[in-house]
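The sequence and the model are shown first, and the description follows.

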Amino acid sequence: MPGGVGAPEAEGSPDEGGIAGFSREEMHALLAEMLLYRRFEEKAEEAYAIGKIGGFCHLHIGQEALSAGAIGPLRSDDQVITAYREHTQAIAKGISPRAAMAELFGRVDGCSGGRGGSMHLFDPSVGFYGGHGIVGGQIPLGAGLAWAIRYRGGDQICLCFMGDAAVNQGAFLESLNMSAIWQLPIIYVVENNGYGMGTAFSRVSVTEMESRSGAYGIPAHTVDGQDVLECYRFFEALAEEVRGGDGPHFVNAVTYRFRGHSMSDPVSGTYRSRKEVESQKRERDPISLLRDRMFEAGLLTPEELQAHDDRARELCADAADFADSSPTPDPATLYDHVYAEVGDRGRLFLDGRDAARAAAGGAGR
Amino acid sequence: MTEMTYRDALNAAMLQEMDRDDSVFLLGEEVAEYDGAYKVSRGMLERYGERRVVDAPISELGFAGLCVGAAMAGLRPICEFMTFNFSILALDQVINGAAKMLYMSNGQIPVPIVFRGPTGAALQLSAQHSQACEVYYAHAPGVKLVVPGTPADAKGLLAAAIRDDDPVAVMEGELLYNVRGEVPDGEHVVPLGVADLKRSGGDVSIITHGKMIHVALQAAGQLAQDGIEADVLDLRSLRPLDVDAILATVARTNRAVYLEEGWPFAGVGAQVASLIQQEAFDDLDAPVARVTQADVPMPYAKNLEQLAKPGAKAVVEACRRVLYLG
Ligand SMILES: Cc1ncc(C[n+]2csc(CCOP(=O)(O)OP(=O)(O)O)c2C)c(N)n1
Ligand SMILES: [Mg+2]
């Protein structure tokens, strides 16, 4: 059994039959969760290949431990905001695989009604605030969510994810500074998969990731983003510190993307070798890592693993069937939700639609 | 003439200009090692080395500003935005920096820079990645803007933009990169401010720019089946604007439709319609019609996206409307 697993903050003694304070059930749950994420992404990949999903589609395969390990320990009223590689994060926060898949398919039962697509999953009722496509764009928004928590005197926290390349945006630096000044309840998590598209982080930064928050007086941490147990314990403890008023924290979670940047990019190329990808997949797959540890500790049988996998596949097949049978959005809704309030004075839409409605006796003249 | 893609034509223009002027360099995300996100700069790193073909971090505000500064110092940067959607982050440096520098400095500091990349929607890229950015740029005095719609114009206009002493935005189209066409061999420069009549009809004028010329030509083809012959005027350059060419086609047909990819409010068509009514009021037999994207952020769902985008059908309808054909 590997030793030294889990963050030092982990309290209590290991449950009998568990590893590093995790009970057998907890580990099975984490394994099942990650398998669900993996199968969901593979299903999305399949659906993309046959044209059910269009546009940009960024898969999280290889990075699943962070969804289970960072979002898993959060309270349901805590908040998550992130970039466009967010399918599994949305599911981890409570969006159903059905609603997520239907969104990828662009259907009405999607969590954004089919308007958002792969990059823009939303469901504030479960504390998931998107799904953002402009690199770094979500970072100030995360600070704003945290601001609102503090303003209302709540004890929730905000988890704000970003890719490694996003830390070079001014919006990142400005947000860190503000969250430090105002001691906002936010954890910035860099999913450091080493590359922004085809550019290695080392080519666009002369310092290590961990040093990026120091200038703003924000404590930095590095975690192994492939080790779900370490992530879980770490974020569990950190969330409580931030909830208790400790101010912002910055986490460099070291991970790896097993697929191309998006569905239209090759897995490897001039920027990273096939050999590198293959060795990461062999040695650093978060699911295999947990599985093997559980096998070694006698906490998992091949039959149990199979059962988890079957269940995951079932859920994802069901999600895809659900998505496929969900209707496409009603064309009559095209103008819905551009504005929250469409009054009856003045013309809001300038493309002739309001004029047509006015001619028909409606609003908009 | 050689047949090539729009992508290769842009590449050819950069080679043509970088070969003749060492002060020209290319900087942007993924332009060097990755050959450009859309492979426009293929082979350029190898040809010019890291001094002149430079991968930037994802810092649009910063690297656009850096390029503006380099231009203030007399270099001639080609600043590539992976798409113009991301240049919205950099607009302060474009509008408050590049656009105003010459004027604020009383003519002492020109800013010979090119901003280039794709504008507008591709396929199902959703709201944040599907917007036409022309008017953000064209609105600001001090910025020039060209919008090539064919491979030949892509080469000629980009070359002219690089040679120009002012900030010039060159807006391309993701869906144009694979379009093929004949491109003049050797040195090819298309002057800014010269529109091109892509089709000569005489019954109605479809005035447009950029990738929409292909939609306009398609609409013109459909109209022709009903015996209606349309002029298709490709402005090619929005600032400077070839007002003479606009007035000439309107004088010939007495009816105009402006087609653009962007939103209607203060759109390019609004400007052109205003010009026509001011300078050619007596030529008009009908109000100028406009065809734009629906006045909504671009939705992801395929059916809604199709509905939101301006298409040939809407152009045909608009042409029939200004011809009073119902
Ligand atoms: C402002 C902006 N610039 C460029 C892009 C194009 N783009 C999309 S993702 C990406 C790379 C981001 O890498 P990283 O932040 O490391 O996240 P990862 O994709 O690795 O999860 C780029 C350049 C964008 N979406 N937004
Ligand atoms: Mg990355």
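The shell around ligand 1 has ten nonpolar, five polar and six charged residues. In this classification Ala, Val, Leu, Ile, Met, Phe, Trp, Tyr, Cys and Pro are nonpolar, Asp, Glu, Lys and Arg are charged, and the others, Gly among them, are polar. The model is a predicted one, in which local features need pLDDT of at least 70 and side-chain atom pairs count only at pLDDT 80 or more, while totals for chains, interfaces and linings use all residues. Residues are numbered from 1 along each chain as its sequence is written, and chains are lettered from A and ligands numbered from 1 in the order in which they are written.

Altogether, 21 residues surround ligand 1, and the closest are A:V135, A:G163, A:A165, A:G196 and B:F86; a residue is near a molecule or strand if its C-beta atom, placed from the backbone, lies within 6 Å of it. The site is shared between chains because residues from chains A and B surround ligand 1.

The two chains also touch each other: 31 residues of chain B are in contact with 36 residues of chain A, contact being defined by C-beta atoms, placed from the backbone, within 7 Å. On the side of chain B that touches chain A, the elements giving two or more residues are α3 (60–72) and α11 (302–308) of chain B. The largest share, five residues, comes from α11(B). By class, this side of chain B has 18 nonpolar, eight polar and five charged residues. Helices (H or I, at least four residues) and strands (E, at least two) are DSSP runs, numbered from the N terminus.

Chain B contains an open sheet of five strands in the order β9-β11-β10-β13-β14, with mixed pairing; strands pair if DSSP finds at least two bridges between them. Its edge strands are β9 (196–199) and β14 (289–291) of chain B, each of which pairs on one side only. From one strand to the next, the twist averages 25 degrees. Strands β9(B) and β11(B) (residues 230–234) run antiparallel and are joined by three bridges. B:D196 has B:D234 in β11(B) as its bridge partner.

Axes are lines fitted to C-alpha atoms, for helices over the stretch in contact, and angles run from 0 to 180 degrees between N-to-C directions.

| Helix | Strands crossed | Angle |
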